[in-house]
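Hi everyone, thanks for coming. I'd like to walk you through a structure that may be new to you, so please take a look at it with me.

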2 protein chains.
Amino acid sequence: AKRRVLSTDEIVKGVLAGNRTILSRAITLVESRKAEHFVQAQQVLEQLMPHTGGSRRIGITGVPGVGKSTFIEAFGTKLTREGHKVAVLAVDPTSARSGGSILGDKTRMNELSIDPNAYIRPSPSSGYLGGVNRMTRETILLCEAAGFDVVLVETVGAGQSETMVSQMTDFFLVLMLPGAGDELQGIKKGVLEIADLIAVNKSDADPAKAREAKREYSSALRILQPSSHHWRPQSMMVSSLTREGLDDVWDLIKQHRQIMESEGEFTAKRARQQHDWMWTMLRDRLLETFTRREDVKSRLKTLENGVLEGTTHPTAAVEELLGLIHSSNQGR
Amino acid sequence: AKRRVLSTDEIVKGVLAGNRTILSRAITLVESRKAEHFVQAQQVLEQLMPHTGGSRRIGITGVPGVGKSTFIEAFGTKLTREGHKVAVLAVDPTSARSGGSILGDKTRMNELSIDPNAYIRPSPSSGYLGGVNRMTRETILLCEAAGFDVVLVETVGAGQSETMVSQMTDFFLVLMLPGAGDELQGIKKGVLEIADLIAVNKSDADPAKAREAKREYSSALRILQPSSHHWRPQSMMVSSLTREGLDDVWDLIKQHRQIMESEGEFTAKRARQQHDWMWTMLRDRLLETFTRREDVKSRLKTLENGVLEGTTHPTAAVEELLGLIHSSNQGR
């Protein structure tokens, strides 16, 4: 049976009441590619704006095999037991391609998936990164309006997804496998710099190795200039199995928030994230609109190939493309 | 006396003949903000295209005090003595603000500045990064057409300038000061990941400390996934004073090129750089054109402030701005 279409008012009230079914439908609205859904989603968000921003936004990344789902299951249940309401979102730009989704299979989060104080939402399947970016940011807002005070945003780390997630969260946690020397797991470029904490997971299996890995990551973090004068990224050992270190991770996240708030950096960072996001979106949309023009499309491939082959100078290619705007305006 | 205006043909021939006066004037043309100069510069570049690409493009960064000028003086003279023709360019987005320019004072490069086989060009003083980016890239091409087979692009490392320089060069060298433990000089975020080589300069002063610094940077580089399967970034000790290590730096640069070429990565990287640059420029120019519109300008500040204060949703702000294109097209 086709579900009844909800009014904007019904969605707003339902989300604010913490109604999970309506929250899910609001997220589906945000993820829809239909123009009328987009308009309604924006109306919903506008009304919910005053009720957003109240969560701890935590980004989590780690390669497949690092035990991300197990960690989130253990960490999330710890938090709900302590009275928190936890939303788990996923960013996986590959899911559209592979057809799967990292959180689609909730079986690896047995306990959390049936926890009334937890809400798990698989990654949106819209392929392009810009779309996933907007959808995830707006889903965070919806979850906050629905009363979730912790939002975990998980990413598999394909392409630029970690950077993207770090730009929408307050704290960025990187899970690594234990290993030392040549076995030491390499950190993907760009990730070392956005990490607020590197947690060596599965440290129960071989504590000595885990300790060595922690030490090596610590010294690597130490030679990087921290992005804040008031926070030095750290590394620690955790085990989702024995639950060791989970309290330390949470304590550190709280400590980070407290320091950022007392130094005035918290509000500044959130504002900067919104501002940067506005400009990124504007830039992307302008390019998208431009490259959809028929006259642009018909020249773009040739010019692009010329640039790749070294026969066309990039500035000349851009000049020619931009000239199309000018000539079409004159033609009117 | 006002200099005679040169024809495009005269400039092209002069540059190809290696005439330094004409090379300088061609660069001035590329750096000019006048529309007619821009057009002529592009004509010059188009004709010179087949004669470009033949140099080793090497990016060099390091904080003030690391001894960058002294290193370039020592390294540059080593290369000219070996028969190379060396161009030294500078990228300093702060120079427009400060009025100075890192290479403006050639006195720190006594020998190189009078070397007939070297050409030193201070940074362009056009303030914005996008402009400096284009000018530097085009200056590299002009130097190559003039017969320089080594182009050193120096940057002070303000803002995103290192990333920018790494995107227009084949090899990126980071100069660091010796120091160990707490004295160890922190690496700016983003720089560790683009380094092909970290050279601990001034290592003659305290070799033990320099050795320890080298070791620490090596282990930090080791835990990062390298961007190429065929190249692992390294660290070494150098001294511009005793000239120790200069040969090793050059050998490593040559080795890097050889490996990249034999693996087919060299051509691919150059093509990708050109391609990325075309898209960056297109994106920037579209945004620039858009934000210059009177109707956009009059709304932008208000919307931007709303986003910063958290009262306006970024997606809504972008939608409203993009709506202006649509409504102005309909109004015609």
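A salt bridge here is a side-chain nitrogen of Lys or Arg within 4 Å of a carboxyl oxygen of Asp or Glu. Please keep in mind that this is a predicted model.

Let's begin with one example. The side chains of A:Arg215 and A:Glu212 form a salt bridge, at 3.3 Å from N to O. Both sit in helix 9 (residues 207-222) of chain A, and being three residues apart they are separated by about one helical turn. A:Arg215 is partly exposed at 48% relative accessible area, and A:Glu212 is partly exposed at 27%.

Now, what does a salt bridge between two helices tie together? Take A:Glu111 and A:Arg81, whose side chains meet at 3.0 Å, N to O. A:Glu111 belongs to helix 6 (residues 110-113) of chain A and A:Arg81 to helix 4 (residues 68-81), so this pair links parts that are 30 residues apart in sequence. A:Glu111 is partly exposed, at 39%, while A:Arg81 counts as exposed, at 55%.

Over in chain B, B:Asp295 pairs with B:Arg293 at 2.9 Å, N to O. Salt bridges with shared partners also join A:Asp170, A:Arg257, A:Glu261 and A:Arg270 into one network. Over all chains, the search finds 44 salt bridges.

Notes:
Residues numbered from 1 in each chain as written. Chains lettered and ligands numbered in written order. Predicted model: local features only at pLDDT ≥ 70, side-chain atom pairs only at ≥ 80, totals over all residues. Heavy atoms only, no water. Helix = DSSP H or I, 4+ residues; strand = E, 2+ residues; numbered from the N terminus. Buried < 20%, exposed > 50% of the residue type's maximum accessible area, 1.4 Å probe, protein only.
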